[in-house]
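Subject: Structure for you, with notes on charged residues

Hi,

Here is the structure I promised to pass on.

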Amino acid sequence: MSSFKGMLASARKQWLKASICFAVATAFRSNGFLLCGFIVWGLVVDISVRKTGAGQQVITKDSIIKMAYAVALSLLVIAPFFAHQARAYMLFCSPDQLGRPWCNNGIPSIYSFVQKEYWGVGFLKYWTSAQIPNFLMAGPVLVLLLHSSSTEIMQVGKVILSMGKTADGAKARTLQSKFKSLVDNKRTEKPLTSWNTLPHAIHTLALTLLLLFASHTQIILRLSSSLPYTYWSIARLLHGGVQTRRAAQDGGAGAVLNAPDANSKGPKSFIVKHGQVGPSISQLVRDMRKVMEPNTASRLKERSRNKLKDYLAMAPTLNVSHILAFTLTDVAPSLRIARLPSGPTLSFRVERYSLMKDLLNASRHARSVGLEYLSPPLLVLASFPNPGPDTPPHMTLLIKSFQSLFPSLTPKTLSLSSARRVVLVSWNAERGTVDFRHYLITVRPHGVSRRVRKVVEGITKAPSGKTLDLSREKDIADYVLKRRDEEGYETASTSAASEADPDETTVRLAGDYVGRNNKKGEKRAVRLDEIGPRMELRLVKIVEGPPGKEGAVLYHEFVKKAPSEVAALKAAAAAKAKLKKERREEQERNVARKKEDEEMEVDEDEGEEVDEGAWDEDAEVSEGEESASEDECKD
């Protein structure tokens, strides 16, 4: 707790309080002396680097005073460690005592003697075959801290070292901009990485190396819980900095987004419900998530208090490009499709819908599907009017909105085995609605009777769910070739005619496909089995911008405005946008001016601030103040 309070005080530039807290931590653990690095960083390194980047002189009177102040506070931090050593020396090394072997060392240290003599601690002394289990136990934490801290140090170090190189023109301005963004703690290339976290990375790296090479390595399991950098490193991994191979292949069984690459440019979506919607709409939301897999948050956990703005705020971090929000109104269920971050937002009324379980139960080709969802579906648009001067503008926008929901199709690079599902979006001109269908692509042998196909494909279950009963047949040929309810056996021609399915299309496979014997060049029958969900959507409104930041209404099904009213609304919106832009620019100028004024005041008053907080050896500190500071650190 003392080390945490000291780090917080260092971040607030309360150096004396931080030193007292660090001293309390050192009194309990010897490795607390490493905490004095935060004092040195804040009073010496941070100021020197900032002055170097700004082209100012580093060695000045004020900088020397701050260096002396840092040395004095560092001595305060390590004082408890030397106090323990001095007390042990007086107890065991006095003239009237026999003395211990360590008393005659050049630097008599009871700590080093006890660690070496009784604990077997020393450089690489713990690296024995008997300690392999302990190394394996501590391995995950060691790898996490070593990788995270070293990566951040190298990333920030590149920017710092680049400032020492000679550069002219645009390159110099680029380096200056990178350096200013770094020290101002703006966003960097790596998540959760900034100038303020660099001293924590250095402290973590030093402590981890000390435990790895010259201590009992498994202690890291206990000490890591006292390092803020441990939690930042884990957060960086969860943020998406590292993608494991299993998450890329598995379709994201427990991930937030199931895409193979969370940073890819393909569309990704949130499908949510908001408000009280009931169990049917909740199931429809889950069914739509299966349709959009693997590029959606299939296991997104929703709470009743979540608002749509919560998902909008989280979407940029996860590279989400679309939000599909279902809600229940007094008239009918509603669906909004929002393109992020700038819109547009399309509002639909769900006229009719069928759930996935209902279609599977009603279909005679119902089957359990699973692996089909590891690849995105193919989008098919049907019956929409061709783009032209007579085509309403909202129809073109409607087509493009559905196209942007799914990854673009490139026949040259598309793998045939990844084409497992089809999403059909068709325009119903008579009703003025959009029909949404979801199909599974089924490939079967061609020219083979259904009974033969069951044997060839290894199907042992009848449609009723019972095992096939062959007890009435005298021979396997009776089951395979005998005509039903007729005399005689089937031939190749009669079998093909009787078993023909009007929904199947015969093709030759252009490549290997999933399933038994589906090889390239083989002739196969292809059929689309609808697996749901099914929706009939009526477009109600299209507006600019995402929800919460809606702009002009581009289309409305029920509200029509005259051209003069539309022009007036556009003029009002343009005036509002112009005023907003002017206010933003004015605010940015005011912020920049205030920052410059503060920097000038800091440079002028820097000496006075140091004199007020400088270490005064002659100053008397009351006993009550010291105990109060120590009690605060212990709390």
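Glu302 and Lys273 form a salt bridge, with their closest N and O atoms 3.0 Å apart. By salt bridge I mean a side-chain nitrogen of Lys or Arg within 4 Å of a carboxyl oxygen of Asp or Glu. Glu302 sits in the loop between helix H12 (278–292) and helix H13 (308–314), while Lys273 belongs to strand E1 (residues 269–273), so this pair links distant parts of the chain, 29 residues apart. (Helices, H or I with at least four residues, and strands, E with at least two, are DSSP runs numbered from the N terminus.)

Before I go on: this is a predicted model, where local features need pLDDT of at least 70 and side-chain atom pairs count only at pLDDT 80 or more, though totals for chains, interfaces and linings use all residues. Residues are numbered from 1 along each chain as its sequence is written, and side-chain values use heavy atoms, leaving out hydrogens and water.

Buried is under 20% relative accessible area, exposed is over 50%, and partly exposed is in between (1.4 Å probe, protein chains only).

Now for Glu536, which is buried, as its relative accessibility is 5%. Arg352 makes a salt bridge with Glu536, the closest N and O atoms being 2.5 Å apart. Arg352 is in strand E4 (residues 345–354) and Glu536 in strand E10 (residues 534–543), 184 residues apart. Glu536 also meets Arg431 in a salt bridge (2.5 Å, N to O). Arg431 lies in the loop between strand E6 (421–428) and strand E7 (433–445), so its pairing with Glu536 in strand E10 ties together parts that are 105 residues apart in sequence. Arg431 counts as partly exposed because its relative accessibility is 41%.

How many salt bridges does the structure hold? There are 11. Some share partners: that is how Lys273, Arg289 and Glu302 are joined into one network. Side chains of opposite charge can pair when their charged atoms come close.

One last thing to look for is helix H19 (residues 563–613), where you will find Lys576. Lys576 is exposed, because its relative accessible area is 65%.

Cheers
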